[in-house]
Amino acid sequence: MRLAVVSHPCVTPLNQDFYARVQARTGWDVSILLPRRWKNEYGRQRAERWPSFRGELVTLPVVLAGNIPLHAYVAAMRRRLRALDPDVVYVHHEPYAAATFQVVRAASGIDGAAIGFYSAQNLRKRYPWPVSAWERWVHAHSDFALPVSEEVAQVLRGKGYQGEIDVLPLPVDTDRFHPANGGFGETRPFTAGYVGRVAEEKGVDTLLAALPLLESEDTRVLVVGEGPQRDGLTAMAHELGVGERVTWAGYVPHDMVVDVYRDMDVLVVPSKTVPNWKEQFGRVVVEALACGVPVIASDSGELPNLISQTAGGWVFREGDAAHLAQVLDAVRTDSAVSTGSVGARGREAVARTYDVEAVVQRFISVCARHG
C-alpha cells in the first residue's frame, strides 16, 4: 500500500519516527510531504530526514511558514500527490487549516485515494469565512478523522463531520522515556517540575503562587520552557519571596527532555482554561509517567481524563493555588510516591495504551481499512 502523509510537525525530524515505524512494521511505501523551512518562537528550522525513515521525503516551499492554521504549500499539490499515487492520504493538520483544505482538495481528485485528517480542537469554535468554508469542505470530502481524544471526536460530530472517527492519542516512546536509576529525593530537595510553554493559559503563575503556601520550605520548582510570560513570572517569584526556590531551565529540545523529567519528583501541569483554549491532551503527562514520575494536573480539558485513565497522579482545581499547595504537601509526604509505586502504576498504564508501538498499530489498522 502507498501512504502519503502531509505534516508540518515532521520538519522536526523526530516526528518522522512514527511513520518510520509504520513503514518498518508494514512494508508500505510511505512518503512524507512537509515544509522545506519552518519557524517558531525558538528559531528557524530546515527540514531534515530522521535516520530511520526510509521513505520519500518531499520538501516543499510554504507561505506563512510558522503560522499553523494559515500556512499553505507553494506547489502544485495535486500533481505532487498524483506522482506518488497514494492509496491513503493523511493530513496531519486541523480540518480548518489552509494547508488541510489545500491537500484534501488536491487529493479528492485522485481516484481511489482515501483521505484522513488529524484534530486536537476540543472547543466548538465558529470560524470566520473563509476558514469556516475550508473546515466544512474538509469534513465533507474526508473518509476518516483521527482526533486525539473523545472530547475532540464529539466536537467533530457536533460540527457535522459524518465520516469515520478513530481516537488516536499522542504517543510516547517508552523505550526512550523510562525511569532513571535512583529514587525519590535521594540527592536533591523535593522538586516539582513544569515542562511546556511559559504562557498565560499554561498556568505557571498558579504553581508559583502555591510555593509560599507549602508547609515545607524545602520544596523546589523547576520550570522547563520559554514563552511570553517568562520575565513577568520571574519577577512574580521574587515578589512572593520564593525566587531562590525556582530554577528556570529555559528551552530544552524534545530529544533531550527525558533527562529533565528525571530531575523531578512530581510533574505539575497547571493549565488554565481561557476563552479560546483548554488543554487538548497533555503529552507531558504521558511522557512524565513513562519516566515513572507521577503527575499533579489541573482539571482543564483532557487532563483529568488522562490522570483517571492512568491512575498516575492527582487533580486540583485549575487556577486554585491553595488547592495545589494542599496536593503538593500531601504528595511530598506520601509513601506511595517516595517508594515509586504511583509512578510505576502510571508507567504501566502508559505503556499499555500510549506507547508509540501501540498507537502505530492503531494508525495502521485505520489506514489498512481504507487503503
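User: Leaving aside neighbours within four places in sequence, which residues is Glu302 in contact with?
Analyst: This is a predicted model. In it, Glu302 is in contact with Ser149, Glu151, Glu279, Gln280, Phe281 and Gln309, once neighbours within four places in sequence are set aside.

User: And where is Glu302 found?
Analyst: Glu302 is in the loop between β16 and α10.

User: Which side chain of opposite charge is nearest to Glu302, and how far away is it?
Analyst: That side chain is Lys278, 8.2 Å away. Glu302 has no salt bridge, although Glu302 is buried.

User: Let us turn to the sheets. In what order do the 6 strands of the open sheet come?
Analyst: The order is β14-β13-β12-β15-β16-β17, with parallel pairing. β14 (246–250) and β17 (313–316) are the edge strands, each pairing on one side only. From one strand to the next, the twist averages 20 degrees.

User: How many bridges join β13 to β14?
Analyst: There are 4 bridges between strand β13 (residues 220–224) and β14, and the two run parallel. Among the residues involved, Val224 has Gly250 in β14 as its bridge partner.

User: Which strands does helix α10 lie across?
Analyst: Helix α10 (residues 303–310) lies across β15 (266–269), β16 (295–298) and β17, and runs at about 145 degrees to β16. Helix α11 (residues 321–332) also packs on this sheet, where α11 touches β12 (191–195), β15, β16 and β17. The direction of α11 makes about 160 degrees with that of β17.

User: What about the open sheet with 7 strands: which are its edge strands?
Analyst: The edge strands are β5 (56–60) and β11 (164–165), each of which pairs on one side only.

User: What stands opposite Leu3 in β8?
Analyst: Val88 does. Strand β1 (residues 2–6) and strand β8 (residues 88–91) run parallel and are joined by 4 bridges.

User: Which strands of that sheet does α3 touch?
Analyst: Helix α3 (residues 98–107) touches β1, β8 and β9 (114–119), and its direction makes about 170 degrees with that of β8. Another helix packing on the sheet is α14, which touches β1, β8, β9, β10 (144–147) and β11. The direction of α14 makes about 170 degrees with that of β10.

User: Changing topic, how many residues has the largest nonpolar core?
Analyst: The largest nonpolar core has 62 residues, and those with the most contacts inside it are Leu3, Tyr19, Tyr261, Leu267 and Phe363. Helix α14 (residues 356–370) supplies the largest share of this core, 7 residues. There is also a second, separate core of 31 residues, which includes Val58, Leu60, Phe117 and Val138.

User: What is Tyr261 in contact with, beyond four places in sequence?
Analyst: Tyr261 is in contact with Phe177, Val195, Leu267, Val284, Glu287, Ala288, Cys291 and Val293.

User: You mention Ala288. Is Ala288 buried or exposed?
Analyst: Ala288 counts as buried because its relative accessible area is 0%, whereas the cut-off for buried is under 20%. Ala288 lies in helix α9 (residues 283–290). Not counting residues up to four places away in sequence, Ala288 touches Tyr261, Leu267, Val293 and Val295.

User: And how far apart are the C-alpha atoms of Ala288 and Val350?
Analyst: They are separated by 9.8 Å, while Ala288 and Val350 are 62 residues apart along the chain.

Note on methods: Residues numbered from 1 in each chain as written. Predicted model: local features only at pLDDT ≥ 70, side-chain atom pairs only at ≥ 80, totals over all residues. Heavy atoms only, no water. Core = buried A, V, L, I, M, F, W, Y, C linked by side-chain atoms within 4.5 Å. Buried < 20%, exposed > 50% of the residue type's maximum accessible area, 1.4 Å probe, protein only. Contact = heavy atoms within 4.5 Å. Pairing = 2+ DSSP bridges. Axes fitted to C-alpha atoms, helices over the stretch in contact; angles between N-to-C directions. Lys, Arg positive; Asp, Glu negative; His and termini not counted. Salt bridge = Lys/Arg side-chain N within 4 Å of Asp/Glu carboxyl O.
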